[in-house]
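Look at the structure first, then read on.

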Amino acid sequence: MEDIIKIAIYIHAFFGGVGLITGMGSIIVKKGSPHHKQMGKLFSIGMLASSLISIPISWMPNHENVFLFVISVFTIYLVLAGNSALKFKNNTQANWFDITISGTMLLFSVFMIAFGIYLSTNSNAMSILFLFFGGFGMLLTIKDFLYYNNKSKPKNAWLIAHLGKMNGALIASITAFFIAGIGVNNLIAWLSPTVIGTIYIIYWKRKMTIKTK
């Protein structure tokens with residue numbers, strides 16, 4: 001069994017590497033260009049495959065990791081929602097797929113917050129991670145539902161949603177590289193990519209908003 005788990009971890013790491021490299025590449029190339037779209041597809045495939053493989057690994061004997069499980073679900077949500085946002089370019093309304101993605105993530109966000117509160121009562125340092133990412137996930141999903149219910153969606157809102165979600169998935173990839181790739185396992189490694197990445201996302205959101213004025 002352990003040999004199978006090791007093989008799964010290697011495959012998980014391979015696809016995670018594909019996601020990391022193509023994700024970084026998609027930032028460098030011009031947005032909307034053929035290269036950006038190609039790298040975006042490879043990034044999505046890499047991140048989805050890596051996250052899907054990590055879910056069963058996180059429940060295997062001697063590899064149990066609740067946080068890895070939740071973050072994998074978080075990454076899947078970001079990639080699926082980020083790609084789904086593209087269809088709103090044509091003012092398409094949200095369907096059952098969008099509701100399911102955001103609804104599932106909202107439930108997991110509530111779980112993370114609740115589990116974080118539980119850990120904090122036991123003075124567990126991991127509590128801050130669950131509270132931070134749980135709160136972040138809840139904020140994103142609430143904004144999703146507000147967006148879905150807005151019949152007259154603002155111009156370029158679909159692009160802002162796409163960039164925000166895909167960059168969020170890239171942040172998850174960079175975090176995984178720090179934690180699993182080079183073995184830096186502390187709060188700074190967990191939180192700094194999110195903080196820096198969020199600043200980058202805010203920059204792009206403001207840039208897109210300015211273009212619509």
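In what hand of crossing does α4 pass α5? The crossing is left-handed, a term for a near helix turned anticlockwise from the far one by less than a right angle (clockwise would be right-handed).

## Basis of the model

This is a predicted model, in which local features need pLDDT of at least 70 and side-chain atom pairs count only at pLDDT 80 or more, while totals for chains, interfaces and linings use all residues. Residues are numbered from 1 along each chain as its sequence is written, and side-chain values use heavy atoms, with hydrogens and water left out.

## Overall fold

The protein has 7 helices and 0 strands. Both are DSSP runs numbered from the N terminus: helices are H or I with at least four residues, strands are E with at least two. Along the sequence the pattern reads α-α-α-α-α-α-α.

Of its 213 residues, 41% count as buried. Buried means under 20% relative accessible area, exposed over 50%, and partly exposed in between, with a 1.4 Å probe and protein chains only. Contact means heavy atoms within 4.5 Å. Among contacts with a separation of 6 or more, 70% join residues 24 or more positions apart.

## Helices α4 and α5

Two packed helices are described by the angle between their axes and the distance between the axes. Helix α4 (residues 96-121) packs on α5 at about 155°, with the axes 7 Å apart. That makes α4 roughly antiparallel to α5. Axes are lines fitted to C-alpha atoms, for helices over the stretch in contact, and angles run from 0 to 180 degrees between N-to-C directions. Under 35 degrees counts as roughly parallel, over 145 as roughly antiparallel, 65 to 115 as roughly perpendicular, and the rest as oblique.

The residues of the α4 and α5 contact divide into 15 nonpolar, 10 polar and 2 charged. Here Ala, Val, Leu, Ile, Met, Phe, Trp, Tyr, Cys and Pro count as nonpolar, Asp, Glu, Lys and Arg as charged, and the others, Gly among them, as polar. Helix α5 (residues 127-148) has 22 residues and reaches 31 Å from first to last C-alpha, close to the 32 Å expected at 1.5 Å a residue. The expected span is 1.5 Å times one less than the number of residues. Buried residues in α5 include F130, F133, D144 and Y148.

## Helices α2 and α3

Helices α2 and α3 pack at about 150°, with axes 9 Å apart. That makes α2 roughly antiparallel to α3. Their crossing is left-handed. Among the residues that meet are S44, M47 and S54 in α2, and L68, S72 and N83 in α3. This contact divides into 10 nonpolar, 6 polar and no charged residues.

Helix α3 (residues 66-84) has 19 residues, which should span 27 Å; its end C-alpha atoms are 27 Å apart, which agrees. Of these 19 residues, 15 are buried, so α3 is largely enclosed by the rest of the structure.

## Single residues

S54 lies in helix α2 (residues 34-57) and is buried at 2% relative accessibility. Beyond four places in sequence, S54 contacts H12, L68 and S72. H36 is also in α2, buried at 14%.

M166 sits in helix α6 (residues 157-181) and is buried, at 11% relative accessible area. Setting aside neighbours within four places, M166 contacts F43, S44, L78, V79, G82 and N83.
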